[in-house]
Amino acid sequence: MTPTKKRLEKEFHGLRKTPADGYHVELKYGEIFEWIGTLHGLDNSPYEGGNFNFHVQFTEDYPEKPPKVNFTTKIYHPNVDGRTGVVSWKMLGEDWHHNNTMEKVLMSLRTLLDHPELESAVEVKIANEYANSRGAFEKHAREWTQRCAKEDSVSTGFT
């Protein structure tokens, strides 16, 4: 077993053994290098009550290189590409450190929902709205959460 696979199995089983309230993960097709999960929107945020599905892809270079994370549920957020769901974020880029664990990534990703990293924004229009018209941003984020991330949602995924 490779060191990467060993570490991923340890991290995955740790997350499953002591699950957090804000997210859960599963293996996609039983493959340790590909995870899927759901992130729950924080209370008192525009994402409250939303369940946002995500996908994590690891390579043999993990943990030296970060995994690729993307949402598969549409979300109105400056750090999430509106076409693909790819997350643009320093923690998964220039600020990545091999000591980061997926538990830390997932907890931080949940926090990122409520505290966007505007300098890493991939959706500039949404970032400007967040910075200059917070009320409008929150209204749009709530609408998208209602439309895309709730149990009775009409549209959920990226195409």
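This is a predicted model: local features need pLDDT of at least 70, side-chain atom pairs count only at pLDDT 80 or more; totals for chains, interfaces and linings use all residues.
Two parts of a structure are said to be in contact when heavy atoms lie within 4.5 Å of each other. The buried residues of α3 pack against α2 and α4.

Which residues of α3 are buried? They are Ile126, Ala127, Glu129 and Tyr130. These four residues lie on the same side of α3, because the arc they cover around the axis is only 160°. An α-helix has 3.6 residues a turn, so residues three or four places apart point the same way. On the other side of α3, the exposed residues are Val124, Lys125 and Asn132.

The largest nonpolar core comprises 36 residues. Within this core, the residues with the most contacts are Trp35, Phe58, Phe71, Val87, Trp89, Met102 and Leu109. At least two residues of the core are supplied by each of the helices α1, α2, α3 and α4, and likewise by each of the strands β1, β2, β3 and β4. The largest share, 6 residues, comes from α2.

Helix α1, which spans 3–17, also contains Glu11. Is Glu11 buried or exposed? Its relative accessible area is 12%, and Glu11 is therefore buried, since the term applies under 20%. Apart from its neighbours within four places in sequence, Glu11 is in contact with Trp35, Tyr62, Thr101 and Met102. Among these partners, Trp35 and Met102 also belong to the residues with the most contacts inside the largest nonpolar core.

Notes: Residues are numbered from 1 along each chain as its sequence is written. Side-chain values use heavy atoms; hydrogens and water are left out. A nonpolar core is a set of buried Ala, Val, Leu, Ile, Met, Phe, Trp, Tyr and Cys residues joined through side-chain atoms within 4.5 Å. Buried means under 20% relative accessible area, exposed over 50%, partly exposed in between (1.4 Å probe, protein chains only). The arc is that of the directions from the helix axis to the C-beta atoms.
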